[in-house]
Amino acid sequence: MSGFLRGFVSCFQPNPEDEVIFLGDDWAEAHHDIYICNGAGDRLAARRLSEGIAGVTSLHELVSAHAESPSEVVVGIETDRGLWVQSMVEAGYQVYAINPRAASRYRDRHRLSGAKSDAGDAKMLAELVRTDRHNHRQVAGDSDLAEGVKIVARGHQNLIWERTRHTNRLRSSLREYYPAALDTFDDLADRDTLAVLDRAPTPAQGQALTPGQVRTALRAGGRTRNIDTRAHAIVEGLRVESLQAPDLIVSAFAATTRSQVAILRALNEQIAALETELTAHFEQHPDADIYLSLPGFGVVLGARVLAEFGDDPNRYANAKSRKNYAGTSPITRASGTRHVALARFVRPSRLADALDQWAFCTLRVSPGCRAHYDHRRAQGDTHHQALRALSNHLVGILHGCLTHHTTYDETLAWAHRHDPDANIAA
């Protein structure tokens, strides 16, 4: 704990009532609405505090008047990150990050009219952790290194998503006036594509390119091999006759194409830079060797999964808990004689994306994963259903490796599953 926070903790004085207090925090960008009650639900305090150090100071002073120690303060708040949450965790409060969807459902217990206010939400969060905190989890105690990996991994993925958006915009523009470019280049974000489109953003300029000019552009873009072959293929592709848009329209589209090319080049550079940074952060983590030992994992994908699962050893009680968090395990709907197992569609989107990619990547490198996938397809599953079942099993394997601090072993992971029906239970 920092010296700054020790000063706040020291302001707590003994309280003869010696009881836990419950604090609801409805946060906004500029302020926090605070509501404090005791175990009986009696209101102790309610106040709006500003964001920042002044607000944190006021929060600790307010709480210290009602609690004997920080460990007797239970907080409900609809986020698990940020400097404000970090300050409460480091002060020793029991902080519960309540899913906004769960908070919305709980709000109906208090107001059937649908009315909503910040002060009312603060009271609702305090009541939620007072009565139902056993059904929720405290903010995970992930290490600073894991948090750093998460920040870089999410930033890296955000840039990739942004590149995809700009690539789609470029594709849409080219379809309107430059179809030969779409037929010539498969990947519009590739360095070869950007190098040629920068030099020839219009169909007329593309048709006028010579192999020598294309070779020069490809070298400038970074290509070092098969330059002649690639240059001739590009020249032939761009010289194909196609429908032409009016000159003014072509000129306008060419201006937007130059802009998109510049943006995509910058994104490519920053994605590469963040990937280098992500590798450096991930390789420092003590669990990196375990992740990289699993089939289908590289540095980027392994870092994403580590970032989204975290590294708090007490966060997941067992493999089932980790699977439930990942959203790979099915949910059951049972009523009377009806019993149905359904896929979970409410799950962490970044983690779900990484796990789907992981399961797909294992099909070429792991015989056990391939056999599991093939069995599910033979049972009638679609491609995505089979991948979800495989990722569910892989999450269980990952949990076992992390729990026992051992690297992946193909034989150990799959040898006990001689009965193909046993794969379904995974």
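Predicted model: local features only at pLDDT ≥ 70, side-chain atom pairs only at ≥ 80, totals over all residues.
Residues are numbered from 1 along each chain as its sequence is written, and side-chain values use heavy atoms, with hydrogens and water left out.

**Exercise 1. Classify the ring pair of phenylalanine 297 and tryptophan 358.**

Step 1: recall the rule. Rings of Phe, Tyr and Trp (its six-membered ring) pair if their centres lie within 6.5 Å; planes under 30 degrees apart count as stacked, over 60 as edge-to-face and the rest as tilted. By this rule the count comes to 8 aromatic pairs.

Step 2: apply the rule. The two ring centres of phenylalanine 297 and tryptophan 358 are 4.2 Å apart with planes at 15°, so this pair is stacked.

Step 3: Phenylalanine 297 sits in the loop between H13 and H14, and tryptophan 358 in helix H16, 61 residues apart. Helices (H or I, at least four residues) and strands (E, at least two) are DSSP runs numbered from the N terminus.

Step 4: Phenylalanine 282 and tyrosine 291 make an edge-to-face pair, at 6.5 Å centre to centre and 75° between the planes. Phe282, Tyr291, Phe297 and Trp358 form one aromatic cluster.

**Exercise 2. Describe the largest nonpolar core and the surroundings of valine 305.**

Step 1: define the core. A nonpolar core is a set of buried Ala, Val, Leu, Ile, Met, Phe, Trp, Tyr and Cys residues joined through side-chain atoms within 4.5 Å.

Step 2: find the core. The largest one has 39 residues, and Tyr291, Val305 and Phe309 have the most contacts inside it. H18 gives the most to this core, with 9 residues.

Step 3: list the neighbours. Not counting residues up to four places away in sequence, valine 305 touches Tyr291, Phe297, Leu351, Ala354, Leu355 and Leu398; contact means heavy atoms within 4.5 Å.

**Exercise 3. Check the length of H16 and say what covers its buried residues.**

Step 1: compute the span. The expected span is 1.5 Å times one less than the number of residues. For the 14 residues of H16 this should be 20 Å, and the end C-alpha atoms are 20 Å apart, which agrees.

Step 2: look around the helix. The buried residues of H16 include Leu351, Ala354, Leu355 and Trp358. Their cover includes H6, H14, helix H15 (319-326), H17 and H18.

**Exercise 4. Work out the strand order of the open sheet and its edges.**

Step 1: order the strands. The 5 strands run S3-S2-S1-S4-S5, with mixed pairing; two strands pair if DSSP finds at least two bridges between them.

Step 2: find the edges. Strand S3 (43-50) and strand S5 (94-97) each have a single partner strand, so one side of each is left without a neighbour in the sheet.

Step 3: follow S1. S1 pairs with S4 in the parallel sense over 5 bridges, and with S2 in the antiparallel sense over 6 bridges. A hairpin joins S1 to S2 through 3 residues. Of the 7 residues of S1, 6 are buried.

Methods. Buried < 20%, exposed > 50% of the residue type's maximum accessible area, 1.4 Å probe, protein only.
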